[in-house]
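Morning, everyone. Please bring it up on the screen.

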Amino acid sequence: MAAKLRSYGRGLAPLLWRRGLSNASSSTMIQQQQQQQSGKSMNLYSAINQALHIVLETDPRAYVFGEDVSFGGVFRCTTGLVDRFGKNRVFNTPLCEQGIVGFGIGLAAMGNRAIAEIQFADYIYPAFDQIVNEAAKFRYRSGNQFNCGGLTIRAPYGAVEHGGHYHSQSPEAFFCHVPGIKVVIPRSPREAKGLLLSCIRDPNPVVFFEPKLLYRKAVEEVPEDDYMLPLSEAEVIREGSDITLVGWGAQLSIMEQACIDAEKDGISCELIDLKTLIPWDKETVETSVRKTGRLLISHEAPVTGGFGAEISASIVERCFLRLEAPVARVCGLDTPFPLVFEPFYVPNKNKILDAIKSTVNY
Amino acid sequence: MALCFAKSRNIVHRISKLGTLGLLRSSPSLPASSARDFKNPIHGALCICSARRFQSTDTKQFLDFPGGKVPFTPEMRFISESAEERIPCYRVLDDNSQLIMHGNFGQVSPEVAVKIYTDMVTLQIMDKIFYEAQRQGRISFYLTTIGEEAINIASAAALTIDDLVVPQYREPGVLLWRGFSLQEFADQCFSNKSDGCKGRQMPIHYGSREHNYFTVASTIGSQLPHAVGAAYSMKMDGKDACAVTYFGDGGSSEGDFHAALNFAAVMEAPVIFICRNNGWAISTPTSDQFRSDGIVVRGRAYGVRSIRVDGNDALAMYGAVRAAREMAISEHRPILIEALTYRVGHHSTSDDSTKYRPIDEIEWWRKARDPVTRFGKWIQSNGWWNGETELELRSRVRNQILNAVQKAEKVDKPSVSELFTDVYDVLPSNLCEQDELLRRTIKRHPQDYPKDVPL
């Protein structure tokens, strides 16, 4: 852990701004929002920050803590919280992930909203036992006498073009194998705020992975008020008839670009944001695949044992006779996340586009 | 070990005598007498130091450094890996159950003293009967607390019901003290539908919200950070209560032990860490577990006030935990208690400890250092207890436990639907689906499933 790049978050921002934005994806996503409330143009870290302000304001039993949280966090998500709510409710912790989650479990078990930050998802593994053996089983093993449902673990995940092995990982699949927790990943600022508020208020422990690529890059109108978006409900963010694409988080904007390019070739793609990975919304995916007859799943994590495998197996079970082609998976390669080879490793737009075409033409 | 310690102390001593000029010599020209210590890193350090730098240093100067002023010294002195003497062990009752003169332990009323004794005896009898029940195949597993009755009961006696207990697994006596009934113990061990944990965990994994006692998990040390988080909440709520967590000598090697002590110190959390240093982590002796003077010395490294207590002296445990509780709550600080004791029983019913430790050792602790006998003699000498009350107690408790076992055995197991509840607050669709599927499977193949688990 000692080698953590402490200045990483701050250094990341200018690079992201320099990178070209996908206007198409963000504007389309905005149109698909269910509520067009008056909002303020905001990036993803600010939306997270606003959610944290709201929850600390509305719930006196809410606490925000983690490494470097006091000064605003390396990604600025906790900016201003300590000034407003005091150091008893917003505080730094020692550099120890198992301690952060273990402390959070105890805090949550006393009826609090414990909002723990793990600085990078790549560093969540020291807390794996606390999440898997403790948080996930706390209610079940006590026969519902105790629970730590107030626990929410926030962790930035995913590729950022220069993160190498330890600032790029997408570890969601590990946690999707654990009954008792929920795993949620937002795709945009508006989604991030509404889903995070739901996760914090959900009576079950949740791991909330934030796409750090989008912290500053993704900007959209975000309602200023206190709103929640439902968990375990997927959303069709682009309707189509030839193939269903399923993804989550930052990968959706890449997939959307592929959908737009495929459309130019006359292929109509339906794009689904799964949002909650466990317990996941099979019905929405199934309904879509029954309509299109084809399925493609894309995620940044390595393909083997990735959550795409679970979606694929479940949909084959449910839609076998309706499928017109094998389920395609366009994912990360089965290697550690490689710095200089990142452009080769990631499931980019053209890899997805090729898979769309070969699936449709199967 | 004693020899090594003496050697390293000599080295430190010698360096201070050598003075700065001696440091300029290269290692081959060092006195022959120190050649045997050549591998000691101290010598490597000697060769690279410049004496001149020290000569110009005023020893009265300080470095202002986070945490306070650090004095400079021209003397190269490595802190010894061990103190000259081991940390002493606080006790109140001597081996003959006499109060040690000038010992301080606060007051214990006759009523409390008698309850401490009767609960220790009850715990012993419960262990004996449940252990036998396991040997007869009536329950699947059991784990005794024999030898550690004083730590269990006397620590519980020093707390109030508002103090949250975050247990390891060898502290059922705390629950007993708090009024968890013998029937409740039996129901849990028989995994029947009266078990508050709904039959989901192995025997001895007790837990009770009513008794402010978190549910036991088999994992080692992972409960320690929970106690810190809970204690922090209690401090924020301004409660007149603290969190108390238990663990063993083996548990002190886990990362969660480090996390918890460090977090507790930094967060100024009112939590008492009680280590039952019983000498054995299953078959691993403490000599294979750590090289420190037990657990108590770790407290200081984390900035945690600590004490070592004779875990087989109920009065000492009672006094130390009472004082720890007072300091934890009024001063908002964690306290570490290392209780020296011995695991007289096997690790569990899956273990035969005679394979890895001498029977003489077990017998010595069982007979000469039994905490129940020791405390019993003391209350008898005070006139609070006698042979008659002793006989009556043992016979009554034995009958109660045998009845509880017989009753628990006849109660149905929890229904299959409890397999799916409580994973989440409500059943998600995948679990509803699996519930339905399982029920259809059971209908087709009823012979595959136990008859005593109702559908």
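Start with one pair of side chains. A:D273 and A:R187 form a salt bridge, with N to O at 2.7 Å. Keep in mind that this is a predicted model.

Now place that pair. Chain A splits into domain 1, residues 39-223, and domain 2, residues 235-361. So much for the layout; on to the interface.

How many salt bridges does the rule find across the interface of domain 1 of chain A and domain 2 of chain A? Three. Polar contacts come next. Across that interface, 11 residue pairs are in polar contact, with both residues at pLDDT 80 or more.

Which elements of domain 1 of chain A give two or more residues to the side that touches domain 2 of chain A? They are α8 (172-175), β6 (182-184) and α9 (189-201) of chain A. By residue type, that side of domain 1 has 16 nonpolar, seven polar and five charged residues.

Next, the extent of the contact. On domain 1 of chain A, 28 residues are in contact with 24 residues of domain 2 of chain A. The two domain centres, taken over C-alpha atoms, are 26 Å apart.

Last, the area. About 1,900 Å² is buried between domain 1 of chain A and domain 2 of chain A. Carbon and sulfur atoms give 60% of that. Which three residues supply more than any other three of the area that domain 1 of chain A buries against domain 2 of chain A? A:C176, A:I185 and A:R187, with 27%.

Conventions
Residues numbered from 1 in each chain as written. Chains lettered and ligands numbered in written order. Predicted model: local features only at pLDDT ≥ 70, side-chain atom pairs only at ≥ 80, totals over all residues. Heavy atoms only, no water. Domains from an automatic or database assignment. Contact = heavy atoms within 4.5 Å. Buried area = accessible area lost by both parts, 1.4 Å probe. Salt bridge = Lys/Arg side-chain N within 4 Å of Asp/Glu carboxyl O. Polar contact = N/O pair within 3.5 Å; in protein donor to acceptor, adjacent residues only side chain to side chain. Helix = DSSP H or I, 4+ residues; strand = E, 2+ residues; numbered from the N terminus. Nonpolar A, V, L, I, M, F, W, Y, C, P; charged D, E, K, R; others polar.
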